[in-house]
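Welcome to this guided tour.

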Amino acid sequence: MAPLTAREREVPALMAEGRTNVGIARRLWLTHRTAETHVSSIRTKLGLANSTEDHRRVPAVLLYLNRS
C-alpha cells in the first residue's frame, strides 16, 4: 500500500466494505469517474493484472486487509 496516495488508501477500505465505485464516490465526495480513476490507479500501482476470470477488485481488497 506504500505507493498509494492518502486518498487512494481510502478507496480499498471502502471496497472492503463492499462499496461500488458510485458508493465510494459518494462517501469521499468525488465524481464517479474520479472514483474509477482511483481504482484503476491503485490496481496499476500495486501491479494487479487484468483478468477475465477473476473479479478485478478482490486482489486490491485482499492486499488492503492483509496490511491493515
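Helices here are DSSP runs of type H or I with at least four residues, and they are numbered from the N terminus. Select Arg43 to begin, and you land in helix H3.

Before going further, here is some background. This is a predicted model, in which local features need pLDDT of at least 70 and side-chain atom pairs count only at pLDDT 80 or more, while totals for chains, interfaces and linings use all residues. Residues are numbered from 1 along each chain as its sequence is written, and side-chain values use heavy atoms, with hydrogens and water left out.

**Stop 1: colour by confidence**

Colour the chain by pLDDT, the predictor's confidence in each residue, from 0 to 100. The average for the protein chain is 87, and 93% of the residues score at least 70. Confidence is highest in H2, at 96, and lowest in helix H4 (residues 58–67), at a mean of 81. Where pLDDT is low, predicted coordinates should not be read in detail.

**Stop 2: back to Arg43**

Is Arg43 buried or exposed? Arg43 counts as buried, at 8% relative accessibility. The word "buried" means under 20% relative accessible area, "exposed" means over 50%, and "partly exposed" is in between (1.4 Å probe, protein chains only). Show what surrounds this residue: leaving aside neighbours within four places in sequence, Arg43 is in contact with Leu48, Ala49, Asn50 and Arg56. Contact means heavy atoms within 4.5 Å.

**Stop 3: helix H2**

Next, select residues 21–28, which make up helix H2. Buried residues in H2 are Asn21, Gly23, Ile24, Ala25 and Leu28.

Zoom in on Asn21, whose relative accessible area is 11%, so Asn21 is buried. Which residues does Asn21 touch, not counting those up to four places away in sequence? They are His32, Ala35, Glu36, Val39 and Arg57. Then step just past the end of H2 to Trp29, which takes a positive phi of about 60 degrees.

**Stop 4: the nonpolar core**

A nonpolar core is a set of buried Ala, Val, Leu, Ile, Met, Phe, Trp, Tyr and Cys residues joined through side-chain atoms within 4.5 Å. The largest one has 15 residues, and Val11, Met15, Ile24, Ile42 and Leu46 touch the most other members. H1, H2, H3 and H4 are the elements that give two or more residues to this core. Pick Ile24 and look around: beyond its neighbours within four places in sequence, Ile24 is in contact with Val11, Leu14, Met15, Arg19, Ala35 and Arg57.

**Stop 5: salt bridges**

Side chains of opposite charge can pair when their charged atoms come close. A salt bridge here is a side-chain nitrogen of Lys or Arg within 4 Å of a carboxyl oxygen of Asp or Glu. How many salt bridges does this rule give? The count comes to five.

Select Lys45 and Glu8, whose side chains meet in a salt bridge at 2.9 Å, N to O. This pair links distant parts of the chain, with Lys45 in helix H3 and Glu8 in helix H1, 37 residues apart. Lys45 is partly exposed at 37% relative accessibility, whereas Glu8 is buried at 5%.

Move on to Arg27 and Glu17, which meet in a salt bridge at 3.3 Å, N to O. Arg27 lies in helix H2 and Glu17 in the loop between H1 and H2, so this pair ties together parts that are ten residues apart in sequence.

Then pick Glu36 and Arg33, where the closest N and O atoms of the salt bridge are 3.2 Å apart. Both lie in helix H3, three residues apart, which is about one turn of the helix. Glu36 is partly exposed, with a relative accessible area of 26%, and Arg33 is exposed, at 57%. Now select Glu17, Arg19 and Arg27 together: salt bridges that share partners join them into one network.

**Stop 6: over to Arg9**

Finish at Arg9 in helix H1, a residue that counts as partly exposed at 36% relative accessibility.
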